[in-house]
Every structure is written in C-alpha cells, then in structure tokens.
Amino acid sequence: MTQDELKQAVAEAALAYIRPHLENDTVLGIGTGSTANRFIDCLADIKGMIGATVASSEASAERLKGHGIPVLDLNAVDRVDFYIDGADESNRALQLIKGGGGALTREKIVAAVADKFICIADESKLVNTLGAFPLPVEVIPMARGHVARELVKLGGDPVYREGFVTDNGNIILDIYNYPIPQALATEEKINGITGVVTNGLFALRPADVLLLGTEEGVRTLYPE
Ligand code: 5RP
C-alpha cells in the first residue's frame with residue numbers, strides 16, 4: 001500500500017470509530033495536514049449527522065466549508081466531543097510531535113478542549129523516541145533571535161522556517177538533532193522560554209487513541 005492509501009484507510013477508520021457516537025449536536029475538532037484532509041473528505045458523506053466542526057487552521061476551515069460542512073469559532077462552542085488530527089511522530093505513550101504544517105498552536109488549543117483526541121497516522125509515524133522529526137516551535141517574530149539562542153543552550157539546532165507565517169502571524173523555528181526521551185519535561189521547558197507561543201510536543205495533552213495505518217490493516221493503539 002502507498003502512504004496515501006494508508007492515510008485514506010485511517011481517515012475511514014476514524015469515521016467508523018466516531019460514527020456510533022454522533023448526534024445532531026456533536027462538535028468535531030478537525031486537524032490540519034494531508035491525513036486530516038482525507039478525514040475531512042470522508043466527513044462530507046455524513047455531514048448531516050453532526051452539529052458542527054471547529055478547525056485548527058484556515059486551510060482546514062476552507063476545505064470543510066468547501067464541502068458544505070459547518071465550521072464554528074472555538075469560542076462559539078462550550079465543548080468539543082472529538083478531535084481528529086494527524087501527527088509527524090508518535091511514541092507508544094501517544095505523545096506526539098506535530099506542527100509540520102505549522103498549525104501546532106491552534107491544534108494544541110483544540111486538542112486541549114476536546115473530550116477525546118483521535119490521532120490518525122500511517123505506520124511511518126510510530127517511533128521509539130521522539131525527535132527524528134524536527135520539533136516545530138511557534139515564536140513571536142521579534143523574539144526569534146532570543147528563542148533560537150535559548151534552544152541552542154538546550155542542545156538543539158533551531159532552523160528558521162523561511163517564508164512561512166502561521167495563521168496567528170508568527171514564525172516557526174524547527175529544532176533539528178534533538179532527541180526527546182522526556183517529552184513532558186521538554187514540552188514545559190521550551191514553553192517556558194519567553195517569546196515562545198508553543199512547541200509541537202503533545203505530551204501534556206497526548207492523543208487518547210492512535211489509529212495507525214499498516215500493511216496488515218488499521219491498528220488501534222492506546223497509551224502504554
Ligand atoms: C500540521 C500537523 C500535521 O498533523 C502533521 O504535520 C502531519 O501531517 P500529514 O498528515 O500531512 O502527514 O501537525 O501542523
């Protein structure tokens with residue numbers, strides 16, 4: 001199977017996972033990226049079975065609206081029942097690296113509100129130790145130099161993501177060569193640097209379930 005076929009399989013599996021729980025006031029949080037896009041396209045078939053969605057990026061909001069799926073501002077809802085999103089890496093505790101697409105802050109906010117976070121990914125994303133994928137950090141533009149120097153002190157190699165501006169008007173530093181054996185502590189440490197909006201570690205709020213696309217079918221993983 002190609003990586004695209006695995007992404008399609010996990011998108012369909014996510015729909016099957018939530019379908020028995022859907023009611024006409026269900027609010028779905030929708031992630032960002034190529035795997036989340038597959039899920040959005042699947043959702044179009046059952047859009048009449050949900051109340052509304054909230055999106056973690058302008059791009060996902062546009063795709064949802066293109067299918068005629070209602071999108072609300074997060075402040076207009078008092079809960080999010082499920083959050084469905086991809087990841088760049090997951091360990092077996094379902095702690096994630098996200099933000100390859102630069103939407104990490106809004107993704108983290110929607111995940112924080114959600115009752116259940118369903119991560120969908122192909123098997124290439126499951127790792128023993130996080131950090132082979134460069135860790136994205138969203139930074140207030142004027143703090144770029146300061147934050148980069150602090151990240152070097154922590155042992156990483158921050159690289160400015162050229163020409164990229166987040167939906168929040170900020171920049172991204174991607175940290176290379178930075179293995180992360182202690183994701184919780186690292187998430188808190190980097191978030192403590194003045195000028196950092198947030199980093200792409202999802203350890204304080206890991207996924208609740210990972211639907212992993214493999215050659216043998218979709219595996220359902222819970223935190224170990
Ligand atoms: C975007 C993300 C994505 O979930 C992550 O980059 C995975 O993307 P894809 O599904 O395209 O592999 O965090 O900010």
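**Stops on the tour**

Start with E58, which is partly exposed, with a relative accessible area of 41%. Here buried means under 20% relative accessible area, exposed over 50%, and partly exposed in between (1.4 Å probe, protein chains only).

Before moving on, note that this is a predicted model, where local features need pLDDT of at least 70, side-chain atom pairs count only at pLDDT 80 or more, and totals for chains, interfaces and linings use all residues. Residues are numbered from 1 along each chain as its sequence is written, and side-chain values use heavy atoms, with hydrogens and water left out.

R106 and E58 form a salt bridge, their closest N and O atoms 3.0 Å apart. A salt bridge is a side-chain nitrogen of Lys or Arg within 4 Å of a carboxyl oxygen of Asp or Glu. This pair links distant parts of the chain: R106 is in helix 4 (residues 104-113) and E58 in helix 3, 48 residues apart. Helices (H or I, at least four residues) and strands (E, at least two) are DSSP runs, numbered from the N terminus. R106 is partly exposed, at 24%.

Next, select D41 and R63. Their side chains meet in a salt bridge (2.8 Å, N to O). D41 lies in helix 2 and R63 in helix 3 (residues 58-66), so the pair ties together parts 22 residues apart in sequence. D41 is partly exposed at 28% relative accessibility, and R63 is partly exposed at 33%.

Go to R161 and D174. They form a salt bridge too, with the closest N and O atoms 2.8 Å apart. R161 sits in the loop between strand 8 (157-160) and strand 9, and D174 in strand 9, so the pair ties together parts 13 residues apart in sequence. Are these two buried or exposed? R161 is buried at 15% relative accessibility, and D174 is buried at 8%.

Then pick D25, D78, R79 and D81. Salt bridges that share partners join them into one network. The whole structure holds 12 salt bridges.

Select A44 and I69. They are 25 residues apart in sequence, yet 6.8 Å apart in space, C-alpha to C-alpha. A44 is in the loop between helix 2 (34-43) and strand 2 (52-55). A44 counts as buried, at 17% relative accessibility.

Finish at E216. E216 is in the loop between strand 12 (209-214) and strand 13 (217-221). E216 is exposed, with a relative accessible area of 73%.
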